[in-house]
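Let's walk through this structure together, one part at a time. Keep the 3D view open as you read.

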Amino acid sequence: MTKKKRVGVLISGRGSNLQALINACKKRDYPAEIVLVISNVPQAQGLLRAEAALIPTLTIDHKDFPTREDFDAALDAALTDNQVELLCNAGFMRLHTAGFVERWRDRHLNVHPSLLPAFRGLHSHERVIAAGCKISGCTIHFVRAEMDEGPIVAQAAVPVLASDTAETLATRVLEAEHHLYPHALALVASGAVFVKGERVFDSNEQTQVPLFSPPLA
Ligand code: GRF
């Protein structure tokens, strides 16, 4: 197997997607390893998950920096110091500067709990339900300067039930996220996909990767 890609993960909270990535990285033939977890929130639960997995952690609190540029420069320095090759945002609640986004262009993934480009931004589940959608899901995409925008690597769909609240839908989508993020990171880390014209193609067929729908429990 070729060398595993060195991955950094940015978090702000619970870290359940981080946990899914940690679990995937334990597999011998998984093409990535997490070498650093950075939180902008000192008490983020995800930091404990990383520590339990013996992954180096850093807290870089945005409140300690006068500008977004300074904060992003500190993130970038830490990632560079640790020879990070691929970056995964996993519930990271800060917007990046255009310069940071450009520096990590096509090496930087995000997870969003809707089928983008629909329902960008916060509170997507409430808005999905209010709109009467029958399906929702999650998206793994490369990061661009606009929030929740960028080439889509993979999506998973889940049903929206008539009885759903934002909480029950969030739980169902989150379970799909936990399948989808390791899948998408493996595609990127192994070089199976590439970006062309703001779309993601698979390297052999030059076609888009098919919809990934994890089986429902
Ligand atoms: C996930 O729903 C993710 O899609 C969104 O924030 C949530 C983070 O959850 N961006 P966790 O911290 O990974 O548990």
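A salt bridge, as the term is used here, is a side-chain nitrogen of Lys or Arg within 4 Å of a carboxyl oxygen of Asp or Glu. Please also bear in mind that you are looking at a predicted model.

Let's begin with the overall layout. The protein is split into domain 1, residues 1-104, and domain 2, residues 111-217. Their C-alpha centres are 20 Å apart. Where the two domains meet, 19 residues of domain 1 and 16 residues of domain 2 take part in the contact.

How many salt bridges cross the interface of domain 1 and domain 2? By the definition above, the count across that interface is 0. What the interface does have is 5 residue pairs in polar contact, with both partners at pLDDT 80 or more. On the side of domain 1 that touches domain 2, the elements giving two or more residues are strand S1 (5-11), helix H1 (16-25) and strand S4 (86-89). The largest share of that side, 5 residues, is supplied by H1. Sorted by class, the side of domain 1 that touches domain 2 holds 13 nonpolar, 4 polar and 2 charged residues. As for area, domain 1 and domain 2 bury about 1,500 Å² between them, and 74% of this is on carbon and sulfur atoms.

Now let's turn to salt bridges in the protein as a whole, where the rule gives a count of 7. One of these joins the side chains of arginine 105 and glutamate 198, with N to O at 3.3 Å. The two partners come from distant parts of the chain, 93 residues apart: arginine 105 sits in the loop between helix H4 (98-103) and S5, while glutamate 198 sits in the loop between strand S8 (193-196) and strand S9 (199-202). Arginine 105 has a relative accessible area of 33%, so it is partly exposed. Glutamate 198, at 39%, is partly exposed as well.

A second salt bridge pairs aspartate 106 with arginine 144, and here the closest N and O atoms are 2.7 Å apart. Because aspartate 106 is in the loop between H4 and S5 and arginine 144 is in the loop between strand S6 (135-142) and strand S7 (152-159), the pair ties together parts that are 38 residues apart in sequence.

Aspartate 164 and arginine 172 make another salt bridge, with the closest N and O atoms 2.7 Å apart. Aspartate 164 and arginine 172 are both buried.

Next, find aspartate 61, in the loop between strand S3 (57-59) and helix H3 (68-81). Its relative accessible area is 13%, and because buried means under 20%, aspartate 61 counts as buried. What does aspartate 61 contact, once its neighbours within four places in sequence are set aside? The contacts are with Asn40, Pro42 and Phe71. A polar atom of the aspartate 61 side chain also lies 2.9 Å from the backbone nitrogen of lysine 63. Serine 39 is 22 residues away from aspartate 61 along the chain, yet their C-alpha atoms are separated by 7.3 Å.

Finally, a look at some details of the backbone. Leucine 54, in the loop between helix H2 (45-52) and S3, has a positive phi of about 60° although it is not a glycine. With a relative accessible area of 77%, leucine 54 is exposed. The loop between strand S5 (108-112) and helix H5 (124-130) holds proline 117, and the peptide bond from leucine 116 to proline 117 is cis, with omega near 10°. Phenylalanine 119 lies in the loop between S5 and H5 too, and its phi is positive, near 60°. Phenylalanine 119 has 23% relative accessibility, so it counts as partly exposed.

Definitions and conventions:
Residues are numbered from 1 along each chain as its sequence is written. This is a predicted model: local features need pLDDT of at least 70, side-chain atom pairs count only at pLDDT 80 or more; totals for chains, interfaces and linings use all residues. Side-chain values use heavy atoms; hydrogens and water are left out. Domain bounds come from an automatic or database domain assignment. Contact means heavy atoms within 4.5 Å. Buried area is the accessible area (1.4 Å probe) that two parts lose on being put together, summed over both. A polar contact is a pair of N or O atoms within 3.5 Å; within protein, one must be able to donate a hydrogen and the other to accept it, and residues adjacent in sequence count only if both atoms are side-chain atoms. Helices (H or I, at least four residues) and strands (E, at least two) are DSSP runs, numbered from the N terminus. Ala, Val, Leu, Ile, Met, Phe, Trp, Tyr, Cys and Pro count as nonpolar, Asp, Glu, Lys and Arg as charged, and the others, Gly among them, as polar. Buried means under 20% relative accessible area, exposed over 50%, partly exposed in between (1.4 Å probe, protein chains only).
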